[in-house]
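Thanks for asking me to take a look at this one. Here are my notes, starting with the cavity and ending with a pair of helices.

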Amino acid sequence: MAMLGKFAAGGGTIGIDIGSHSIKVVQLSPSRTGFALTRAGSTPTPPNAIKQGVITDRPAVADAVHLLMRDLGIGAGAAIAAVAGPTVVVRQVQLPAMPEAHLRKSIYWEARNYISFPVENSLLEFQILDTHADDSTPKMDVMLVAAPRELVDSRVETLEQAGIELLAVEVEPFSLMRAVIELPRGGMAAANDTIALVDIGATYTSISIVSNGAFVLSRTITIAGFNFTEAIMNVLGVDGLQAEEIKENELQVVTDEVSRAELSPIGQEASRALEPVLEELVREIRRSFAFYDYQQGPGGTPRAAGAVGVSRVILTGGSAKMTGLAPFLQDQLSLPVGLTDLFSTGMVQVPEDADELYAQEPMLATAAGLALREPMLVREKGGYR
């Protein structure tokens, strides 16, 4: 169990990120200058407890969450959880203009064109972004969010078993956007700035694009941390635990043999083992950028005025910490690539002696964004003066 500590007295909103590899918890409280981190920690997810994003062993995960909350000293409090994965749809679509009440009645019918799973077994939500005329026909841009009901229910039921009051369940890309982009900028986005959030978890990598402060698209691929570990296992002939240790202590992602020669013999083998996986990851990221570019052109749906191609990439997720990954992607994509610096912006107060917290920043980004949901809404409405 990786306990980052109890940093300050007081409560606050709790963000709970339940992943296939680990469970992360962050608690934040409002302060005069922003927000204060009061609790943060993680614990391994019970083995084989999650399949395709659905929590199948709910008692085991509930026990793990309960123990983590207890050890962090978090009592009763409101919590936000998240869902993610290939079956979660976050997509901006164009529909005929209609009143919101009419769309709410017909959303399940409209959504059939955009989701690959049965709408009758799904939970859907939407937000009307803009209304405009296209060839004299009124149209509207709508942000559509959909997830299988089983995926959402498994988290709700698990957290209820853990004794947690759940305020909401949201999709991970929104929480990441809140933590990584909205908070550091105070809710204001720089003009003509298009940012790609690449969240590399254990099972999935999500690629989300935010342009001019507006969420545009999100895509999930299956190239992620487990693929890195599996490649090391297969090439070096080691088990999973040994592969994780090598990835953590010996491996460095490099782009040339000169740099690779500076690594230990095991590190060199591991570095070569990852090459095919990393090449596939780069291809999928480029494919996502190309799809976004297509949407900006004549063949796609026009987006916000002044929208441009991706200008920089921010990495989050536990696997984003792999040594040398950010420079490697920067070289391959010819774009600035860096890790999230949520706790370095000054908007979230952290204790001076919490060095380990900064090392875990990419892993905690989703949980932090979840914890920010309610207090940021209150602040926007004029609270916490």
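**Notes on the cavity and a helix pair**

1. The largest cavity holds about 30 Å³ of space. A cavity here is a set of points on a 1 Å grid over the protein atoms alone where a 1.4 Å probe fits but cannot get out; points join across faces, edges and corners, and the volume is the space filled by probe spheres set on them. The structure has one cavity of 30 Å³ or more. Keep in mind that this is a predicted model, where local features need pLDDT of at least 70, side-chain atom pairs count only at pLDDT 80 or more, and totals for chains, interfaces and linings use all residues. Numbering runs from 1 along each chain as its sequence is written, and side-chain values use heavy atoms, with hydrogens and water left out.

2. Who lines the largest cavity? Val93, Leu95, Ile107, Glu110, Ala111, Tyr114, Val142 and Leu144 do, lining residues being those with an atom within 4 Å of a point. Seven count as nonpolar, none as polar and one as charged (Ala, Val, Leu, Ile, Met, Phe, Trp, Tyr, Cys and Pro are nonpolar; Asp, Glu, Lys and Arg charged; the others, Gly among them, polar).

3. β8 (89-96), α2 (100-111) and β10 (137-148) each give at least two residues to that lining, and α2 has the largest share, with three. Helices (H or I, at least four residues) and strands (E, at least two) are DSSP runs numbered from the N terminus.

4. Now the helices: the axes of α5 (residues 225-236) and α6 (residues 240-249) come within 9 Å and cross at roughly 105°. The two are therefore roughly perpendicular (65 to 115 degrees; under 35 is roughly parallel, over 145 roughly antiparallel, the rest oblique). Axes are lines fitted to C-alpha atoms over the stretch in contact, with angles from 0 to 180 degrees between N-to-C directions.

How values were computed. On a 1 Å grid over the protein atoms alone, a cavity is a set of points where a 1.4 Å probe fits but cannot get out, and a pocket is an open set with protein on both sides within 12 Å along at least five of seven lines; lining residues have an atom within 4 Å of a point.
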